[in-house]
Amino acid sequence: RAYFREDFVAVLIRRYGMNAGLAKARTTMRWRQKVNVESITQPEIQEEIDVGDMFWHGISREGRPVYYLRPALQDMKKYNRPRKLKLGLFLMERAIREMPLGVTTHDMVIDTQGIGLAHVDLVMLRDLIEMAYLGYNDRVHCVIVGPMSFLVTTAYRFAKPLASAMLAGQGIEVVFAKVLRPEVLKLVAEENLPPHLRA
C-alpha cells in the first residue's frame, strides 16, 4: 500500500530504530483500519472540496507537496466537522499516493487571513492534531502559519501543549509569519504559489 511504501518505512527505522520504527508503523496501521481511511470517496466530500479551504498546490523547492489551509473561506453556516475531517483524510491519502519515490513528507501553509472567532473550532483543532499523531506521524516537514493575530496566537496557545506532546521528536519546523507571502516564497518558487498568494 502507498502509505507503507519502502522509503517511508526506511525513514521510520532510521529515525527511531528497528523496533520502535516498526511499532509506530503498526500503531498507524491499526488506526487506519479503525478509521477505514481508504473507504472515503470523492463524491461524499465533494461539497467540502468545493469550499476551497483545504487543498494541495504545487511543490516546495525540495520537491515536497504543499498543503494549504484557508479557514476564513469556510461558510460557518454550512460547516460540518465530521465531513471536514473526512476531507482532510481524503486529501492526505491522495497526496501520499502521488508522492514520488524518495519524498515521504509534505509542507503545510495555514493562511489565517480574514479569520474570525467563528472560524476557530478548538475541537476540530484537537482532532486534527490527533489525526496527525495517530495517522500521519512523521509525514510533515514544515508548517507556516500567518498572518499572526491575537486570535491566531490564542488558538496556538491552546493547541501547543497537545501538539508538543504528540508530535515531539519529529523535527517539524514551525514558522509564524507576520506577513505570509514572503515566508511561503522561502519554501516554494513563485511559479508554484497558489493564485491567492501571487503578487
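In which sense, left-handed or right-handed, does H5 pass H6 in a crossing? The crossing is right-handed. The legends below describe close-up views of a predicted model.

**View 1. Helix H5 packs with helix H6.** H5 covers residues 122-134 and H6 covers residues 150-167. Their axes come within 10 Å and cross at roughly 20 degrees. Angles under 35 degrees count as roughly parallel, so H5 and H6 are roughly parallel to each other. From H5, the contact takes in Leu122, Leu125, Arg126, Ile129, Glu130, Ala132 and Tyr133. From H6, the residues are Ala155, Phe158, Ala159, Leu162, Ala163, Met166 and Leu167. The contact of H5 with H6 divides into 12 nonpolar residues, two charged and no polar.

**View 2. Helix H1 packs with helix H2.** H1 spans residues 6-16. The axes of H1 and H2 are 7 Å apart, at an angle of about 135 degrees. H1 is therefore oblique to H2. H1 passes H2 in a right-handed crossing. Val9, Leu12, Ile13 and Tyr16 are the H1 residues in this contact. They meet Met18, Ala20, Gly21, Leu22, Lys24 and Ala25 of H2. Eight residues of the contact of H1 with H2 are nonpolar, one is polar and one is charged.

**View 3. Thr28 sits in helix H2.** H2 runs over residues 18-35 and holds Thr28. Is Thr28 buried or exposed? Thr28 is buried, at a relative accessible area of 5%. Beyond its neighbours within four places in sequence, Thr28 contacts Tyr3, Phe4, Leu134 and Gly135.

**View 4. Helix H7 has buried residues on one face.** H7 comprises residues 180-187, and its buried residues are Leu180, Val184 and Leu187. Seen down the axis of H7, these residues fall within an arc of 45 degrees, so they line one face of the helix.

**View 5. Thr104 and Asp138 touch in the model**. Thr104 is in the loop between helix H4 (81-98) and S3. Thr104 is buried, with a relative accessible area of 10%. Which residues does Thr104 touch, not counting those up to four places away in sequence? They are Asp7, Phe8, Val11, Met99, Asp138 and Arg139. Asp138 belongs to the loop between H5 and S4. Its relative accessible area is 2%, so Asp138 is buried. Asp138 is not a glycine, yet its phi is positive, about 65 degrees.

**View 6. Asn36 has a positive phi**. Asn36 is found in the loop between H2 and helix H3 (42-51). Phi of Asn36 is near 60 degrees, in a residue other than glycine. The relative accessible area of Asn36 is 43%, so Asn36 is partly exposed.

**View 7. A cis peptide bond joins Gly146 to Pro147**. Omega of this bond is near 0 degrees. Pro147 has its place in the loop between S4 and H6.

How values were computed:
Residues are numbered from 1 along each chain as its sequence is written. This is a predicted model: local features need pLDDT of at least 70, side-chain atom pairs count only at pLDDT 80 or more; totals for chains, interfaces and linings use all residues. Side-chain values use heavy atoms; hydrogens and water are left out. Axes are lines fitted to C-alpha atoms, for helices over the stretch in contact, and angles run from 0 to 180 degrees between N-to-C directions. Helices (H or I, at least four residues) and strands (E, at least two) are DSSP runs, numbered from the N terminus. Angles under 35 degrees count as roughly parallel, over 145 as roughly antiparallel, 65 to 115 as roughly perpendicular and the rest as oblique. A crossing is left-handed if the near helix is turned anticlockwise from the far one by less than a right angle, and right-handed if clockwise. Contact means heavy atoms within 4.5 Å. Ala, Val, Leu, Ile, Met, Phe, Trp, Tyr, Cys and Pro count as nonpolar, Asp, Glu, Lys and Arg as charged, and the others, Gly among them, as polar. Buried means under 20% relative accessible area, exposed over 50%, partly exposed in between (1.4 Å probe, protein chains only). The arc is that of the directions from the helix axis to the C-beta atoms.
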